[in-house]
Amino acid sequence: MSRAVLATAHANIALVKYWGKKDSQRNDPATPSLSLALDVLRTETRIEQLEGSGDLPGADLVELDGQPAGEKTTRRIRAYLEAWRQEGLIAGHFRISSVNHFPTAAGLASSASGFAALAAGLAAFAKKKIPRREISRLARMGSGSAARSVPGGIAALPAGHQAAARRILPPEKTPWGMVVAVVEAPPKSVGSTEGMIRSRLASPYFNAWVATARKDYRRMLRAVKELDLATVGHHTENNALAMHACMIATRPRLMYWSAATLELLRCVQVWREQGLEAYATIDAGPHVCFLARREELALVAAEVEKVSGVQRVLVGLPAPGAEVVPCS
Ligand code: DP6
């Protein structure tokens, strides 16, 4: 019988964002980044070695949420498996069946959990033992943010060549979680991969953004270790706004916000003035995530639900890294 493994990983939300590539071919990030993995954003990927598929091109099979994956996703996953084969890490072909236990259509970070689970699972088929840091580097080749989902918890990913993420704080020692406000929005027209290439080439603020991200990263590493929510929160919000300033200034513009995004940004200031400590961050989409103390997440979620244009509210606690279990 053919061998199979089940790998799980959680998507993460960056507190210091990765936006920009030093090298697109190797997917080397231009900015260092730091994130929190969330238990509500879980992906499960079954990886099965196919027997007798030889060297047929396109022999790898890709399924997403129980259906054959679309052409673009299939191409991306096949190219990724090919990169592992070219590095001499694996041989043969595979059936990859991935299920996201969160609304992917909402544009939440499914490539992070997807590639982290895939890299961890493929490592189980490798000819030699692959250390965790190396799995993170390999996940990064698939999607930059995926590198951070390999260690899980609060994870930091430096910029540049050979970058791999390390865990700064384990989930059980992280006193914060996040409320995710999924807002009504049409599918986005420019994805992260394409968007960050455009910003590097055509945003007059790109260099300033990279310099800002480097500073934010250093300050954030310190503030996380000190468990200083106010400092972590303010840097989180400021960093996201700086990234969006760079995106918006890109020509033509990359404007991911909707009216509800702006309203949520206004509300978070009001909540803080009223004593509810929450801080906003936004990825390449209109949804807003709020960082808050674990014990105040329910209060934040109740406020978020009242905001017009919010479609769904998810409450996430810190999640562990990618894990693999054998299966039949
Ligand atoms: C705005 O990791 O999706 O969410 O490496 O091209 O796959 P690729 O990009 P991806 O970009 C994530 C961008 C972001 C910020 C972040 O998660 O750090």
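The side chain of Asn27 has an N or O atom 3.1 Å from an oxygen atom of the ligand. That is a polar contact, meaning a pair of N or O atoms within 3.5 Å; within protein, one must be able to donate a hydrogen and the other to accept it, and residues adjacent in sequence count only if both atoms are side-chain atoms.

| Side chain | Distance to an oxygen atom of the ligand |
|---|---|
| Asn27 | 3.1 Å |
| Ser145 | 2.7 Å |
| Thr193 | 2.7 Å |

Taken alone, the ligand exposes 450 Å², and the protein buries 94% of that (areas by the Shrake-Rupley method with a 1.4 Å probe; for residues, only the protein chains shown count as cover).

A word on the model itself: it is predicted, so local features need pLDDT of at least 70 and side-chain atom pairs count only at pLDDT 80 or more, while totals for chains, interfaces and linings use all residues. Residues are numbered from 1 along each chain as its sequence is written, and side-chain values use heavy atoms, with hydrogens and water left out.

Back to the ligand: which residues are closest to it? They are Tyr18, Lys21, Gly144, Ser145 and Thr193, from a shell of 18 residues (each with a heavy atom within 4 Å). By class, the shell has six nonpolar, seven polar and five charged residues. Here Ala, Val, Leu, Ile, Met, Phe, Trp, Tyr, Cys and Pro count as nonpolar, Asp, Glu, Lys and Arg as charged, and the others, Gly among them, as polar. Helix α5 (residues 192-202) gives the most to this shell, with three residues. Helices (H or I, at least four residues) and strands (E, at least two) are DSSP runs, numbered from the N terminus.

Now to the helix packing. Helix α1 (residues 71-86) meets α3 (residues 132-142) at about 140 degrees, with axes 10 Å apart. For α2 (residues 110-123) and α3, the angle is about 130 degrees and the axes are 8 Å apart. Axes are lines fitted to C-alpha atoms, for helices over the stretch in contact, and angles run from 0 to 180 degrees between N-to-C directions. α1 and α3 are therefore oblique to each other, and so are α2 and α3 (under 35 degrees is roughly parallel, over 145 roughly antiparallel, 65 to 115 roughly perpendicular, the rest oblique).

Lastly, two backbone details. The peptide bond from Arg251 to Pro252 is cis, with omega near -5 degrees; Pro252 lies in the loop between α7 (229-249) and α8 (259-273). Asp65, although not a glycine, has a positive phi of about 50 degrees.
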